[in-house]
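Q: Please take a close look at one part of this model, the ligand site, and then at the chain that carries much of the description.

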Amino acid sequence: MNKFNVVGKREPMLDALDKATGRARFTDDLSLPGMLYGKILRSPLPHAKILYVDLSGAEKATGVKAAISGKDIPKKKYGIVPMAKDEYALAIDKVRYIGDEVAAVVATSLDAAEEAISKIHVDYEELPAVFDPLEAMKPGAPIIHDEVPNNVSATIRKEFGDVEKAFAQSDFIFEDTFETQAVNHCPLEPQAALAMVDHSGKVTLWSSTQIPFFLRRNLATTLDIPESMVRIIKPKVGGGFGQKIDLYAKDFCAAFFAMKTKRPVKFVYEREEVFTSTRQRHPMHIQLKTGMKKDGTILAQQFKVVADGGAYNSTAPLMITLACFFIMLPYRIENLLFEGFHVYTNKPVGGAMRGHGIPQVRFAVEAQLDTIAEKMGIDPLDLRLKNAFQAGEPHPAKLLVQSCGFSDTLIKAAEEIGWKEKRGKLPFGRGVGLAGASFPSGVSNMSHISSGAVVKIERDGAITLLTGAADIGQGAETVISQIVAEELGVSLKEIRITAADTEITPLDPGTFGSGVTLRAGNAARIAAQVAKEKLFEAVAEKMEVEARDLEAKDHRIFVKANPEKGMSLEEAIKVYQYSDRPMPIIGRGSYQPPAKEPTTLLKEDGNFSPAYSFMTQAAEVEVDTRTGKVKVLKMVTAHDCGRAINPMLVEGQLEGSVVGGMGQALYEEVITEKGQVLNPSFLDYGIPTAMEVPPITSVEVETNDPEGPFGAKESGEGTQLSPAPAIINAIYDAIGVSFNSLPVTPERVLEALQKKDKR
Amino acid sequence: MGVGWPRNDVSQAVLKRKTFQKGKVMRDPVSKSHLWKKPCWEKYFRVKTPGEAVQILEELQGESRVIAGGTDLLARMRQEGFGVKALVDITCIPGLGEIRSEDGLIRLGAVATPKDLSQSSVLREKAFCLAQAASQIGTPQIRNLGTLGGNLCNASPAADLAPPLLIFEAKAKIAGGKGEREVPLDSFFTGPGQTVLNPSEILKEIIIPELRLDASATFLKLGRRKAADLALVSVAVLLAMDRKERTCQLIRIGLGSVAPTPIRAKQAEAFLIGRRLDDRSIQEAAQSAMRESQPISDVRASSQYRREMVGVMVERAIRKCLEQLEGKDV
Ligand SMILES: Cc1cc2nc3c(=O)[nH]c(=O)nc-3n(C[C@H](O)[C@H](O)[C@H](O)COP(=O)(O)OP(=O)(O)OC[C@H]3O[C@@H](n4cnc5c(N)ncnc54)[C@H](O)[C@@H]3O)c2cc1C
């Protein structure tokens, strides 16, 4: 039963019609009078000193208005994690991967800019390059950043319990090595930026970004101007998945050239540039050692994780930390040692991608659990249930898990996929598998995670909502509007939302870490409550009742106990006005997730998220044993997202996660040869299409979270963790081969089957 | 799009780079990527007759190109960064997109789109496997824009329309300065990206016979995914048998993506002809087709995998034809 009017409803996204009809305007759809078009010259070498850049040919070319190279820009490094800044907008001294930015031009047309790029001459001195992170860690390997002589730019070591002792006490020890591949986010909209400078020198940048406020700060830093001289506006964004949290050369160059030429400037990346020169999911080498007791208790786990970071840091320290922390749930592991290394190589750069460092390690753990179960003669479901963490249990690393439906999701997902009837019982070539995971609903106590909102009740009863939240296609604006509509008792169409404009809307950290609904939703709800209370005060006075006895619903304000007694919203606004109260009626909200324990993300034990979500995904697959092709027949997701503000949008996230998981498990890999990406197009790279998507069942595990707005929790990134291992485990059930590296292409399946036959 | 024979350019660039010595100073080292250019041409002619097209092509010897849907040409011009004096658009020539059936022959106009082919009632009735192949090309956009002629003249080993046309022993009708000529499709392709056409000729029409009533034909495409993908291996098979003896009366096997051009597996055909169609003979024919293929390795799959898949797909295609024939019996 839904006691709400707007929350919990399957409302179409507010911009669905605009998007379906092509009216929605993305950055590349915008243009300004006198606009110039930019193009970037990129390095064709994986590692080289830049000796000389000769721009004169480009500068003389027709239509060209300006050309720059690294020596023309402020020597200001950037990086999304302040302590790990290691990148210049244009390479200054050397290039570190094929695709690194060397120079840029702007011209009166795109053709002219492209033509001009080919007239820039660059002298390089090639340096030895390294492409394998394990090689890069060895003494004597080429040094990619002088400040990091061993190429290891971020590490984490975390231990609790007594791992050595626990292994000594284990009845069985399992050791495996896993490898994961580079995966590109493939947002449909390529990265783009449009900049304009006004007479005061203020820069306005329209950018396909998922974190406008961070971008403002990073852009101001790299341009070496005050933050107040930069305004970021986020138009419609066509997907991000983490790839749009970084500042890119296109942002810097658009702004820099706009300042230099006093004309608007636009940069749009080619699809090839999205593949070679933005970000990708870190490939990882994972050594995993697990100690088991005879009864199926996981006694100890030891991880050594080497992440291939490519040429720059991006989120390196955060990524490797998250990889570590999310391995401590959803199973009870009393003794754990995690050693993680982020290593530079002369390849495309790793960055945040849905799940951020966790899907790779999750795959290793879940795949190994199934082989352990097999070797020990235990049902993989029972093994997981036996070790499933429970709410309220003391966590060995002092995480505070107040609610945990993990066992529940295991049981429900297994039931829905037909575990009992199918696991180990289907004909050769068919199989089922499952995998679990846990994710935070935003992280508490880290800096920059406050969110603000403003709600204005207009004279005609319409509601204006300002939020900093960055909708990148997931529907954040719709969800936040629903929250405000519910709070004010109006319908969704009364809400007019303006979002993600650093000059107009309040601060918001942006779209990452699965925190938008909780953070920005709560801020908006608070703002709506404040505005509502102002109105209630006037109404209460007029009706001679207490303000706290009033309720707003169905465009009315009335006495809770006696709904007949009340007035329409319009009347209420009139009452407010005629009582000589100041107009307009505005409510402001600021929200920061509460910290229940000190956060110590890096070294010590302690809690770090207000709430943890838990989930299980199950898969059924069919393997064509002659072609090696794996067909996913069905996926089940059991995910606890608290209350779904908009169930249709939650389903969208779940479905997307299945497709992402299929890509990671079966289809996708950014293939490089000596640092050169060989498949930088949608045709060659091969993300799964709608034709590959199986029926997806999502099992309701709705709970009511005390912290989330109307009880909502995350349903964004967490859903991405377990689809891939669930598929891998289903393949194991189908053909008895457990794959330790991704993606499992038809060719690998066939090879494995042939090897198995020989044995 | 470097269809099927892709990325030679990139590996060339990589090879070249290997030869650079450490520490050597280089000016503007080569890399095809990031140097893409807008395709450019000085003139664009939209012609109304084949003769007009031929005339322009002859006048601008070698410096002009035919453009139909442009789905291959424009992508290649952009990737390779080359321009031409003129593009000659043949898609507005009246009748050049028609699909007709007369006197047991089906005539397919060169600018018929894959969508036209896949929805043609003539083909659905009389050469279904061609409609099948057309419906599996690329994406809806590509199927609406591309053409039969472009698919063949582009001469990609992965051209999906080639194998089914090969098993129909299609003839290509070519118009040039000296009039028209007919070339069997079998000898139309001369290498990856190369055909018997000289620069001032255009492909006008493809002619195939209707499928014999006692025969069946099928097309199978193995890609990494079901849509928007090029074939790793594509197979078309045409089969007729003596119903009593179950011996093979007629067999034609067309293969795509596994040799420098689309090919017929003639040894496999020769092996099977006159033989009883059973598991063993079918498997042996499939083995023979495997030996006849000479696939390459690329980012999509290794040559070894492709070769193995020739066997699997040929076997499956023959069995499917058999099933259809048995269905006809009932
Ligand atoms: C995303 C994508 C997916 C694709 N998927 C597939 C696929 O699955 N299967 C497949 O087979 N192909 C595929 N292709 C390739 C392509 O779309 C087809 O080959 C298409 O049929 C080409 O036709 P067109 O008219 O666009 O050719 P164009 O690009 O116009 O021409 C191609 C070449 O043929 C020449 N030419 C064209 N018509 C004539 C003529 N009548 N006479 C003489 N010369 C001529 C042109 O000069 C040019 O050199 C794909 C392409 C893309 C971009």
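Which chains supply the residues that surround the ligand?

A: This is a predicted model. Residues of chains A and B surround the ligand, so the site is shared between chains. The shell counts 34 residues, and the closest are B:G69, B:G138, B:G146, B:G149 and B:G150. The elements that give two or more residues to this shell belong to chain B: the strands β3 (64–67) and β11 (202–209), and the helices α3 (73–80), α7 (140–145) and α8 (148–153). Of the shell residues, α8(B) contributes the largest share, with 4 residues. Sorted by class, the shell around the ligand holds 20 nonpolar, 11 polar and 3 charged residues.

Chain B itself is divided by the domain assignment into domain 1 (40–211) and domain 2 (215–329). Taken over C-alpha atoms, the centres of domain 1 of chain B and domain 2 of chain B are 25 Å apart. Between them, 21 residues of domain 1 of chain B are in contact with 24 residues of domain 2 of chain B. On the domain 1 side of this contact in chain B, α6 (128–135), α9 (162–167) and β9 (189–191) each supply at least two residues. The largest share of that side, 5 residues, comes from α9(B). By class, the side of domain 1 of chain B that touches domain 2 of chain B consists of 14 nonpolar, 5 polar and 2 charged residues.

Methods
Residues numbered from 1 in each chain as written. Chains lettered and ligands numbered in written order. Predicted model: local features only at pLDDT ≥ 70, side-chain atom pairs only at ≥ 80, totals over all residues. Near = placed C-beta within 6 Å. Nonpolar A, V, L, I, M, F, W, Y, C, P; charged D, E, K, R; others polar. Domains from an automatic or database assignment. Contact = placed C-beta atoms within 7 Å.
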